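Q: Please look closely at strand pairing in this model and then set it in its surroundings. A connected account would be welcome.

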Amino acid sequence: MQNNGWDEFEIGAMLRSFDGVATDIALKQPEDRNYSSSNSFTASVADWRIEKPLFNKDYCIDCQFCWIYCPDMSIIARDKKMVGVDMDHCKGCGICVEVCPTNPKSLLMFPEQADEETELAGWPEKDKGEK
Amino acid sequence: MSEIKKVKNLKEFSTSADRFEGANLLCPGCAHSIIVREVLNATNDDLVLSASTGCLEVCTAVYPYTSWDASWIHIGFENGSTAVAGAEAMYKALGNKGRLKQPDRNPKFVSFAGDGASYDIGFQWISGCFERGHNMMHVVLDNEVYANTGGQRSSSTPIGSSATTSPAGRVSYGEKKNKKDMMAIMAAHGSPYVAQVSPNKWKNMVKAIQHGMEVEGPVFINAVSACTTEWKFAPEDTMAIQDLATDTLVFPLYEIIDGTELNITYRPKNVIPVEEYLAAQGRFKHLFKDQYKYLIKEWQERVDAKWDYLQKREEARV
């Protein structure tokens, strides 16, 4: 797409979310949609993050609290199962970790540069609660 | 298409495909997009949407990107509601003339606005829409401040809150006026459905939205939206603050049907003291100085009185 300057676009701009004919979008998951280059789905806010959430599916109970409370549509849920985190659109707010009800949590925040495999191997044990 | 989408539980709800896209520029942890998602996912029907100027508008339509996967328009600060009302009027007129290309689609008309664009600036326009009886829904994302322009007070800002145009300090405790009771005002317009919702009670919220979309006539939805930037709390605490807002009864969840019949839609099992809600937010920090502590007691009394009033209204059915 041609990037125009601030004074170059017409007053009253129209942007198309999809290329071609788009009907019943509510029944199509993102992978089946024909996004246009002016849809913010094609952009990324990954550089906003200083911490990233990592997902450990061994502890996940698919409650979908993270899905409903994610402000950035970044929790990928398909067929009632939690699949993973969309790292292009996650801003690293940490709500998903806060609302995760499992023990230990199946989502935890790590520094952006942390390596996924090492962190998954060293996932915290169940917290028995100190008395 | 026009049948109500079935949402029995969260697992079933999670099969919805979002029509609001990521990489919008809302702050991390902003409750606005949680509300928008729950509204848009409540239906599979086509949507005609608008947003009045505010955080939601400036963050989701930054040229050359749009974050909306449905027909969406933005015009001015005040007339988001009338833009949708105009589209609805045209839809009705074309339908009467039999000139709709897809008469079986049954689109839903929804306008989004912040509390500034609803309580203050767009008030006359919303009032007009409700008086004319358009078949639309107006959703207020109520974060109690003009967050987009740097936190000026709006008529939704509650007593004691520190805003940039009503700052707290040695001589002032911040905002001095109580919040406008918009729910009662919109119910007095004779609206068939007026509801206060909160995204942390998602089932309650989706039920209210679906009911609002089914009824004929203008529907007003006031959604509590915790603002991490202006309420001053950490972004990951958004849902905790929302829980506090509903469980301390600062934001009681209720609906008013046909302008008269009031139902409380959520009763917290354990009512939390208002003090905890105030203590969790930086904008009320100064209330915990000895000088202003009496305000916390007043807050509690005000919230209790409101809850009493709502319960009496519910019982009396008037």
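Predicted model: local features only at pLDDT ≥ 70, side-chain atom pairs only at ≥ 80, totals over all residues.

A: Two strands are taken to pair if DSSP finds at least two bridges between them.

Eight strands of chain B make up an open sheet with mixed pairing, in the order β2-β1-β3-β4-β6-β5-β7-β8. Its edges are β2 (71-73) and β8 (261-264) of chain B; each has a single partner strand, so one side of each is left without a neighbour in the sheet. On average, and ignoring direction, neighbouring strands are turned by 15 degrees against each other. Within this order, strand β5 (residues 193-197) of chain B runs parallel to strand β6 (residues 219-224) of chain B, and five bridges join the two. In this pair, B:Tyr193 lies opposite B:Val219 of β6(B). Helix α4 (residues 80-97) of chain B packs on the sheet, where it touches β1 (47-51), β2, β3 (108-114) and β4 (137-142) of chain B. The direction of α4(B) makes about 175 degrees with that of β3(B).

The sheet belongs to a chain with eleven helices and eight strands. Chain B has a radius of gyration of 19 Å, close to the 20 Å that the globule rule gives for 318 residues, so it is as compact as a globular protein of that length. Along the principal axes, its C-alpha atoms fill a box of roughly 70 × 50 × 40 Å. Buried residues make up 53% of the 318 in chain B. Of the contacts in chain B with a separation of 6 or more, 70% are between residues 24 or more positions apart.

Strand β6(B) also has a part in covering helix α9 (residues 238-247) of chain B. Eight of the ten residues of α9(B) are buried, so this helix is largely enclosed by the rest of the structure. Among those buried are B:Thr238, B:Met239, B:Gln242 and B:Asp247. Their cover includes, besides β6(B), α2 (31-41) and α10 (274-279) of chain B, and also α1 and α2 of chain A. After α9(B) comes B:Leu249, with a positive phi near 70 degrees.

The contact between the two chains takes 42 residues from chain A and 35 residues from chain B. On the side of chain A that touches chain B, the elements giving two or more residues are α1 (65-69) and α2 (95-99) of chain A. The most comes from α2(A), with four residues. By type, this side of chain A divides into 22 nonpolar, twelve polar and eight charged residues.

The largest nonpolar core has 106 residues, and A:Cys66, A:Tyr69, B:Val110, B:Phe112, B:Val139 and B:Ile221 have the most contacts inside it. Leaving aside residues up to four places away in sequence, A:Tyr69 touches A:Ile95, A:Val99, B:Ile34 and B:Met239.

Between β4 and α7 (182-188) of chain B, the loop holds B:Gly174. B:Gly174 is buried, because 22 other C-beta atoms lie within 10 Å. Beyond residues up to four places away in sequence, its contacts include B:Gly160, B:Ser166, B:Pro167 and B:His286.

Note on methods:
Residues numbered from 1 in each chain as written. Chains lettered and ligands numbered in written order. Rg over C-alpha atoms; globule rule 2.2 N^0.38 Å. Buried ≥ 20, exposed ≤ 12 C-beta atoms within 10 Å, placed from the backbone. Contact = placed C-beta atoms within 7 Å. Nonpolar A, V, L, I, M, F, W, Y, C, P; charged D, E, K, R; others polar. Core = buried A, V, L, I, M, F, W, Y, C linked by C-beta atoms within 7 Å. Axes fitted to C-alpha atoms, helices over the stretch in contact; angles between N-to-C directions.
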